[in-house]
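Subject: Structure handover

Hello,

Here is the structure I said I would pass on. My notes follow below it.

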Amino acid sequence: FEARAAERPNAVALVFEEQTLSYGELNACANQVAHRLLAHGVRPDDRVAICVERGPAMIIGLLGILKSGAGYVPLDPTYPLERLVYILSDSAPVALLSQQSVQQTLPVCEVPLIYLDDADLQDESVCNPQVPVKPADLAYVIYTSGSTGQPKGVMVEHCTLVNLVHWHCQAFALQAGSHTASVAGFGFDAMAWEVWPALCAGAVLHLPPAEIGNEQLDVLLDWWLAQPLQVAFLPTPVA
C-alpha cells in the first residue's frame with residue numbers, strides 16, 4: 001500500500017458517498033494513527049481493537065493499526081454489548097480505536113481509547129513509520145459466529161494475508177485503477193478479501209453508506225449498479 005501511495009499519490013484510493021481520498025491522503029491519515037499508537041507503546045504482534053462504522057475512518061484505522069505493527073481486532077458496533085465485552089476480554093487488546101458516533105455502544109475498557117475523529121490526531125507525523133514486521137506476526141484476529149458456544153478468535157498472520165492478496169489480484173485481474181467494493185460486515189473475514197487486495201493493487205475501493213446493511217438487498221443492489229465496479233462480491237441472495 002505504501003508503494004502504491006508513493007507511486008501515484010493523487011490516484012483515488014477510497015470513495016464513500018460524496019467523499020474521496022487519494023492514496024497519498026489515505027496513507028498520511030493512517031500514518032498519523034500509527035504514530036499515535038506507537039506513542040502508546042504498541043508493538044509488533046500486539047492486538048489493537050477497532051470499533052467504528054463503515055466509512056473512511058474504518059479504513060484509516062485498520063491501516064494505522066497494521067502500520068504500527070499490531071494486529072487488528074474488529075468490533076462491529078451493531079453487535080450486542082455482551083459480544084463486544086467478550087471479544088474485548090478474550091482478545092486482550094493494548095488499545096481501542098473508535099469514533100464519537102459509536103461511543104454509546106462501547107463497553108467499559110481499561111486500555112487507552114483513541115478516537116479517530118479527534119482533531120489532535122492531526123498533530124501526529126504523516127511520515128511512514130519504520131516498524132519491522134515479520135511474516136509470522138499477527139495481522140488480524142477474526143471471531144467466529146459463536147453458534148456452537150462462545151465465539152473463537154482466529155489469528156491470521158501477515159504471510160497468510162500476503163498470500164491472499166497475491167492470489168486475489170491474479171485471480172480477479174485486480175490492478176491499479178480497477179474499481180472494486182467492500183460490503184462485507186466489519187467483523188466478517190470476507191472484508192479482508194475485499195479491502196487489502198484493492199489497496200495493495202492501487203485500485204479504487206468503493207464503500208456503501210453505513211446505513212445500508214447486507215440484509216437490505218434491493219437497496220444494496222441499487223448501490224452496486226450505480227458504481228463503476230469491475231470486481232465485487234455479492235451475497236448469495238443477490239446473485
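Gly 69, which follows helix α3, has a positive phi, near 95 degrees. This is a predicted model, where local features need pLDDT of at least 70, side-chain atom pairs count only at pLDDT 80 or more, and totals for chains, interfaces and linings use all residues. Residues are numbered from 1 along each chain as its sequence is written, and side-chain values use heavy atoms, with hydrogens and water left out.

Helices (H or I, at least four residues) and strands (E, at least two) are DSSP runs, numbered from the N terminus. α3 has 12 residues and spans 16 Å from its first C-alpha to its last, close to the expected 16 Å (1.5 Å times one less than the number of residues). Of its 12 residues, 12 are buried (under 20% relative accessible area, with a 1.4 Å probe and protein chains only). Lys 67 is one of them.

Helix α2 (residues 23-39) and helix α3 (residues 56-67) have axes that come within 7 Å and cross at roughly 55 degrees.

Val 73 lies in strand β4 (residues 71-74) and is buried, with a relative accessible area of 1%. Beyond its neighbours within four places in sequence, Val 73 is in contact (heavy atoms within 4.5 Å) with residues including Ile 50, Ile 87 and Tyr 143.

Regards

Technical notes:
Axes are lines fitted to C-alpha atoms, for helices over the stretch in contact, and angles run from 0 to 180 degrees between N-to-C directions. Buried means under 20% relative accessible area, exposed over 50%, partly exposed in between (1.4 Å probe, protein chains only).
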